[in-house]
Amino acid sequence: MPHVNFAAQVVQMLAGALLLISFAMLAERRSRRLLILLVWQGVVLVTSTVLVAASAHLTHLYYSAALTLLLKVCVLPLILFRLMRKLGIERDNEPLVNVPTLMLVGLCLVIFAFGLAQPVSALATTVLRKTLGIAIAVILLSFLMILARRKAFTQVIGFLSLENGLFFAATTTTYGMPMVVELGMALDLLVAVFIFGIFFFHIREQFDSLDLDQLESLKED
Amino acid sequence: MHVVSSLTTTTPLAGLLILVASWFLIGALGLIQPNRIGWVARTLFPLGALVALGIAGVGAMSLVPGFTAQSSVLALGLPNMPFHVRLDTLSGFFLVLLGSAGAGISIFAAGYFRQGEGTAPGLLCLQYHVFLASMALVVLADDAYLFMVAWETMALSSYFLVVTQHRIPEIRRAGFLYLLMAHVGALGILLSFGVLQGGSWQMTFDAMRAAHLTPAWASAAFVLALFGFGAKAGLVPLHVWLPEAHPAAPSPVSAMMSGLMLKVGVYGLLRVSLDLLHVGPWWWGLLTLGLGLGTALYGAIFAAVQTDMKRLLAYSSIENIGLIFAGIGLALLCRSFDMRLLAALALAAALIHAFNHAFFKSLLFLVTGSVMHATGERSLGKLGGLIRYMPWVAALALIGSLAIAGLPPLNGFVSEWLLLQAFLQTPRIPHAFLNMIVPLGAALVALTVALAGYVMVKFYGVIFLGQPREQGLENAHDASWLERVGLSWLALGCVLIGVFPQVALDVVSRITRQLVGTSVQRGPSPWWMTPITSSQTSYSGLWLWVGLLLVIGVTFVLVRRIYHGRVRRTPPWDCGYPWQTPRMQDSSEGFGQPIRHLFGPVFRMQRELPHPSDPKPTYRVQVQEHFWHQLYLPLGRLVQRTAERVTILQGGRLSTYLLYSFMTLILLLVWVL
């Protein structure tokens with residue numbers, strides 16, 4: 001077994017945690033718990049970024065960690081939490097496909113993601129290249145979650161989790177993206193959540209529910 | 001204007017660009033006070049006419065001997081892909097056409113547009129001048145990029161002009177059809193340019209001239225160009241938009257579309273087939289020739305049975321475009337057999353005919369505009385006797401009608417005579433079958449011209465001669481002075497080219513020298529036009545005029561002297577039927593009847609004949625085209641069905657849509673793996 005330093009080992013452990021949280025999100029039915037899981041995902045992400053920054057001595061990663069902390073752990077969950085309160089959508093929501101099937105599909109996706117990451121991580125230069133598979137798996141699982149949910153609110157959480165996966169892939173394989181790109185993405189995310197919030201109200205006003213199946217009636221025949 | 005003129009003396013191209021830009025500016029100025037007719041119509045439109053004259057004048061500089069083509073790269077366009085412009089004899093000629101005919105139309109429009117007819121006048125002014133400027137840019141473009149940008153601007157601005165009265169559903173429908181055909185045609189042109197660049201991926205025309213295409217690819221480029229430019233020019237069977245869109249538009253716009261825009265389509269085909277492409281196989285010429293002759297005859301036959309005066313003129317435009325295309329086809333055919341002189345003759349005929357058509361067709365469309373304003377009618381069946389109430393318009397319309405009918409002292413005769421001369425030389429083509437088939441084209445040209453004469457007798461006779469068919473026609477007023485100036489300008493053009501055809505031939509010979517390498521000499525005498533040899537045929541417009549005037553003068557004097565005082569006025573014989581009304585005059589349907597009978601299978605007719613015992617008998621006949629029912633409607637249904645198949649993908653469920661992107665992502669990733 002090759003020599004891996006302590007920080008890298010912790011990051012790999014955190015990557016495992018990230019994957020676990022993704023699976024938990026896939027199975028979770030309640031919006032409130034889903035939101036809490038998202039916060040946890042953010043916390044893990046921040047921790048791993050700080051660790052990577054410390055082990056690789058990269059100051060710009062500290063900034064992006066701070067940005068993530070501010071945005072993904074504090075601001076966005078807060079906005080979403082208040083939205084949830086206002087809209088009164090704390091009750092259960094059933095996925096389109098039942099949970100065990102979802103888990104099995106997720107498992108296949110993880111295997112696929114690892115297969116996909118193999119040739120890429122062989123080219124990567126960082127010590128943390130093994131985690132790329134996990135990052136891709138998180139992205140695919142988040143996508144699956146968006147796909148399988150009925151409610152607009154849970155889809156937004158899936159979208160944010162997808163973004164987390166992308167961010168994790170960036171930090172672990174190439175020590176983060178240029179600051180400009182990261183700032184731009186952060187701003188996009190913030191704007192997106194605001195727009196989603198507005199849309200929630202509109203959808204609910206129109207259909208008396210946030211259930212996206214109702215949108216089917218918009219189709220022209 | 002002083003700055004412009006001092007610049008044009010240095011380089012004509014810079015002057016032209018400034019003039020085109022000032023058209024855009026005039027258009028934009030119309031938005032300042034869009035509803036004030038005094039500002040928009042009486043100030044801006046005359047200014048636009050001045051700019052048009054300037055464009056014609058500067059464009060004419062390219063036609064003086066000793067001119068060499070000028071090109072320049074503009075600081076506009078995309079990064080690494082700037083706009084190229086070039087002024088050579090061909091583009092100069094079409095600029096002269098555009099400017100000189102456009103000036104007359106603009107002056108007329110200054111007196112024509114009124115308050116409260118659909119779109120605000122200021123907006124019309126913008127669209128009108130953008131339309132003019134984009135046509136000039138198409139002609140000036142020296143790369144496919146600027147060409148397509150200007151081409152699409154032209155299509156869009158003219159679309160908005162067509163749907164000026166967008167509250168009427170038929171006009172919206174006509175506009176849509178026009179837009180659709182314009183886009184289908186533009187697709188053909190775009191693909192043609194894509195083939196023409198020949199793998200160099202350079203979009204400049206210089207690169208296309210230098211490209212070496214295999215014969216198959218060159219033919220593909222030619223056929224695509226013929227399709228695209230033919231759709232714009234109105235080549236059968238791509239002409240269906242023309243009889244719908246021309247009547248829908250306000251008359252000055254119809255005049256611009258028919259007189260100018262169709263010529264831009266002709267320009268495009270000339271540019272691609274004679275300049276960008278190298279000499280091709282003979283079937284290119286034969287295809288163009290056949291389509292052109294078919295179009296000419298088809299247009300003439302359909303024009304003869306129309307009852308709406310603007311539709312009649314639209315079909316007549318199709319006929320004239322057909323003659324122009326026949327000339328181009330003959331030029332291509334002769335060029336492929338290296339018969340340079342004959343190619344030059346045919347091309348000269350096509351170019352002069354394009355120029356003539358711009359003048360007389362614009363003139364006639366503007367006349368219909370004046371008639372519509374005066375009477376509110378455009379159906380021939382409700383007009384008549386207008387020569388008494390609108391003498392100016394009637395006199396000028398007579399010149400236009402005689403010119404379009406191809407009668408000798410006027411310009412229409414010149415180009416048709418040249419075309420006929422070219423056809424009569426075709427037995428010399430060194431190909432066993434072509435030298436027998438192609439001369440038959442002369443017969444078709446003659447038939448078409450004769451039918452065109454018939455159409456014009458109907459057009460002029462039903463509108464201006466006889467008795468008024470409706471009550472209110474006595475109140476019709478003549479055109480305003482601005483309208484008269486515009487009409488007179490165009491009529492003057494018809495007369496001048498008719499009197500001095502050898503000058504026109506001289507001018508055109510510079511273009512033929514550039515495109516086919518040689519030119520037709522006008523002959524040894526300055527007063528006679530002798531395109532081939534004096535032993536075969538010659539024509540002098542001036543001497544014919546002198547002769548005609550002499551005959552008329554002598555007759556007039558003789559009648560005055562000898563027959564004076566012996567005039568009696570009596571009612572005509574009424575066939576023993578005393579109660580006659582003006583509605584018993586020969587109607588436009590009546591004029592069309594022999595043609596409907598002779599060419600029956602060509603039409604799709606629906607007739608409603610009255611029952612003998614009907615107290616209020618009505619007769620209705622509707623003539624439609626087979627192309628519409630047998631080509632376009634099935635095509636439309638096919639598109640509809642395909643679209644319905646594709647719509648299944650769009651189920652309306654959000655998760656299905658998400659699944660599409662998810663599966664695409666996975667598939668792409670598998671691909672990478």
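Predicted model: local features only at pLDDT ≥ 70, side-chain atom pairs only at ≥ 80, totals over all residues.
1. Conventions. Residues are numbered from 1 along each chain as its sequence is written, and chains are lettered from A in the order in which they are written. Local features need pLDDT of at least 70, side-chain atom pairs count only at pLDDT 80 or more, totals for chains, interfaces and linings use all residues, and side-chain values use heavy atoms, without hydrogens and water.

2. Largest cavity. Eight cavities of 30 Å³ or more are present (a cavity is a set of points on a 1 Å grid over the protein atoms alone where a 1.4 Å probe fits but cannot get out; lining residues have an atom within 4 Å of a point). The largest holds about 90 Å³. Helices H3 (59-87), H6 (152-174) and H7 (179-207) of chain A each supply at least two lining residues, and H3(A) gives the most, with five. Seven lining residues are nonpolar, two polar and three charged; among them are Lys72(A), Glu163(A) and Glu182(A).

3. Second largest cavity. This one holds about 70 Å³. Its lining includes Arg149(A), Arg150(A) and Asp213(A) from chain A, and Gly652(B) and Arg653(B) from chain B. By class, the lining has three nonpolar, three polar and five charged residues.

4. Helix H22(B). In this helix, residues 588-598, the buried residues are Ser588(B), Phe591(B), Gly592(B), Ile595(B) and Arg596(B) (buried means under 20% relative accessible area, exposed over 50%, with a 1.4 Å probe and protein chains only). Seen down the axis of H22(B), they fall within an arc of 135°, so they line one face of the helix. His597(B) and Leu598(B), on the other side, are exposed. The cover over the buried residues includes helices H12 (282-304) and H18 (440-464) and strands S3 (603-608) and S4 (620-625) of chain B (contact means heavy atoms within 4.5 Å).

5. Aromatic pair between chains. The whole structure has 30 aromatic pairs over all chains (ring centres within 6.5 Å; planes under 30 degrees apart are stacked, over 60 edge-to-face, the rest tilted). Phe143(A) and Phe662(B) form a tilted pair, 4.9 Å centre to centre with 55° between the planes. The pair crosses from H5 of chain A to H24 of chain B. Phe143(A) is buried at 14% relative accessibility, and Phe662(B) is buried at 5%.

6. Aromatic pair within chain B. Phe222(B) and Trp284(B) have ring centres 4.6 Å apart and planes at 5°, so the pair is stacked. Phe222(B) lies in H9 and Trp284(B) in H12, 62 residues apart.

Key
1 Å grid on protein atoms, 1.4 Å probe; cavity = no way out; pocket = protein on both sides within 12 Å on 5 of 7 lines; lining within 4 Å. Points joined across faces, edges and corners; volume = space filled by probe spheres on them. Helix = DSSP H or I, 4+ residues; strand = E, 2+ residues; numbered from the N terminus. Nonpolar A, V, L, I, M, F, W, Y, C, P; charged D, E, K, R; others polar. Arc of directions from axis to C-beta. Phe/Tyr/Trp six-rings, centres within 6.5 Å; stacked < 30°, edge-to-face > 60°.
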